[in-house]
Amino acid sequence: MGQCGITSSKTVLVFLNLIFWAAAGILCYIGAYVFITYDDYDHFFEDVYTLIPAVIIIVVGTLLFVIGLIGCCATIRESSCGLATFAVILLLVFVTECVVVVLGYIYRAKVEDQVNHSIQKVYNEYNGTNTDAPSRAIDYVQRQLHCCGIHNYSDWRNTTWFQQSKANSVPLSCCQPSITNCTGTLTRPGDLYQEGCEALVVKKLKEIMMYVIWTALMFASVQMLGMLCACVVLCRRSHDPAYELLVTTNSYA
């Protein structure tokens, strides 16, 4: 019965090591996705510390490649030292991912205040040129999120660009793609996106942070299972004389 339990635990452990390698790629992808997306919205959210959870996710993903290798070698060779090291590293990574979850919720709660604080400034810096970073950011967000202005298209009337241009029109990025010959004029408001960008930017950034949180939670549960299996193999090996004799005999053979 003891040998059967050990074999089952070892089988699960080897399978989990394969999952760790797959998880490493997924975690690195999620972290990179957050970085790339944040770059598109960084003018609306100036707190760079928001990227800390993404950085940790990428580091954890890199570590999982190493962890999977250590776990496979330790399981195949039935090394007590290797399995103990594997379990300790998994514990550290598990704690790290719990930290990621906590930080994710903290920064997710700060998103709305940060966007509310910075979005008016970004719109005031708009000058309509592709060489200007705030202008590119606003045009990108309005096209991607199908929005116009902060709360609606009428907010453009309060911007420096609108007052200086004196054209009574908003940027072409406010135009709905289904409308042909849209010039952004406020005399034809039906041609424009009706929803403001502030709420949609907040929603998008919160979604990004939730990707990080759920990814960390999912793989933390897998790592917990890996720790349990490693501990079962270690405990059974140290307390089961028959298993120790079997391992010793196989080693001499």
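Both Cys175 and Cys182 are buried, where buried denotes a relative accessible area under 20%, exposed over 50% and partly exposed the range in between (1.4 Å probe, protein chains only). In this predicted model, local features need pLDDT of at least 70 and side-chain atom pairs count only at pLDDT 80 or more, while totals for chains, interfaces and linings use all residues. Residues are numbered from 1 along each chain as its sequence is written, and side-chain values use heavy atoms, with hydrogens and water left out.

Cys175 and Cys182 form a disulfide with their sulfur atoms 2.1 Å apart, a disulfide being a pair of cysteine sulfur atoms within 2.5 Å; the torsion of -75° about the S-S bond makes this link left-handed. By this rule the count comes to three disulfides, and, with the bonded cysteines of the protein numbered in sequence order, the pairing reads 1-6, 2-3, 4-5.

A disulfide also joins Cys148 to Cys174, at an S to S distance of 2.1 Å, and because the torsion about its S-S bond is about 85°, this disulfide is right-handed. Cys148 lies in the loop between H4 and H5 and Cys174 in the loop between H5 and H6, so the pair ties together parts that are 26 residues apart in sequence; helices here are DSSP runs (H or I, at least four residues), numbered from the N terminus. Cys148 and Cys174 are both buried.

Cys147 is joined to Cys197 with an S to S distance of 2.0 Å. This pair links distant parts of the chain, 50 residues apart, with Cys147 in the loop between helix H4 (133–145) and helix H5 (160–165) and Cys197 in helix H6 (residues 197–239).

Definitions and conventions: Helix = DSSP H or I, 4+ residues; strand = E, 2+ residues; numbered from the N terminus.
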